[in-house]
Each structure stands twice: as C-alpha cells, then as structure tokens.
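Visitor: Hi! Could you walk me through a structure I have open here?
Guide: Happy to, let's have a look together.
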Amino acid sequence: MVFRLYHWSRGGWGWPLARLYSSPSSRNRRPWRLVVVQDRDTLEALSHCRQGSAQMLAGAGAAILVFARPAESDVWTEDCAILMSNLHLAAHSQGLGSCWIQGRLRQAEDGRTTEAFCRERLALPEDWALE
C-alpha cells in the first residue's frame, strides 16, 4: 500500500503517526513497517512504482508505504489493511486527504513488481513485503 497525503504540512503531521502503531492486529503481532517519504526526488521516482496508478505521487507532499514481515504473522495483509484504514480515518479527522495505491501483486512501469521497485528504491530488507 502506498498512500498519498494531500495538503501536507512540512511542520508536522497534525496527529501522531505513532498512534497507528497501536492499531489492532492478529495476536497483537503488529507485523507492519511504515516508511514515510517526503523527499521530492524519491516521491518522483515512486510515481513510477505502479503501472498507470501512481503518477500523483510526483506532486504529493508525502507518501507512507506499508511493508510487513510475513514471517511474523500469517495474516499480515489483513493486519496492514486495518492499520491503513485507521490512517485514512486519522487523516480525514485532521482535514487531510489520502489515497490508497494498491502495490501488492502489481507491476511497476519498468516491469518489476511494485514491491521490488519500492524495496530497491528505498534500500529496504528483502524480508519486507509490500502490502
């Protein structure tokens, strides 16, 4: 999952990102890893992470990529979906817009998987899977 936040304030989130880490998960495993991207060049690069669906990242104020370690939970995709639903609600409560860009099981413009594209661009561990 990749989220774009609209009307981003460089001064802060307006709500603590740490709250998301208390989202419910199966057996309280919390397998997710959040990667917050604000760098303009990285956002531009990430706008090519998904065929036909991520161009808006080039103009985003920030993106939050949701990865997980599948070895930590057999229902990591559901756990991450709960977390991201909470992100949508939290963003909305603060007057921020957000957009979900499906990354799991999708392809980047260059033919790699969206997961491989993002993991390589952000230099993330191999055992992190993109939701």
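Predicted model: local features only at pLDDT ≥ 70, side-chain atom pairs only at ≥ 80, totals over all residues.

Visitor: Great, how many aromatic pairs does the structure hold?
Guide: It holds 1 aromatic pair. The rings of Phe67 and Trp128 have centres 6.1 Å apart and planes at 45°, so the pair counts as tilted.

Visitor: And where do Phe67 and Trp128 lie?
Guide: Phe67 belongs to strand β3 (residues 62-68), while Trp128 is in the loop between α3 (114-121) and β5 (129-130), so the pair ties together parts that are 61 residues apart in sequence.

Visitor: Are those two, Phe67 and Trp128, buried or exposed?
Guide: Both Phe67 and Trp128 are buried.

Visitor: Switching topic: where is Val35 found?
Guide: Val35 sits in strand β2, which covers residues 32-37.

Visitor: Why does Val35 count as buried?
Guide: Its relative accessibility is 14%, and the cut-off for buried is under 20%.

Visitor: Now the helix: which residues of α3 are buried?
Guide: Those are Thr114, Ala116, Phe117, Cys118 and Arg119. They pack against α1 (40-46), β3 and β5.

Visitor: And what follows α3?
Guide: Ala123 comes after α3, with a positive phi near 55°.

Terms used. Residues numbered from 1 in each chain as written. Heavy atoms only, no water. Phe/Tyr/Trp six-rings, centres within 6.5 Å; stacked < 30°, edge-to-face > 60°. Helix = DSSP H or I, 4+ residues; strand = E, 2+ residues; numbered from the N terminus. Buried < 20%, exposed > 50% of the residue type's maximum accessible area, 1.4 Å probe, protein only. Contact = heavy atoms within 4.5 Å.
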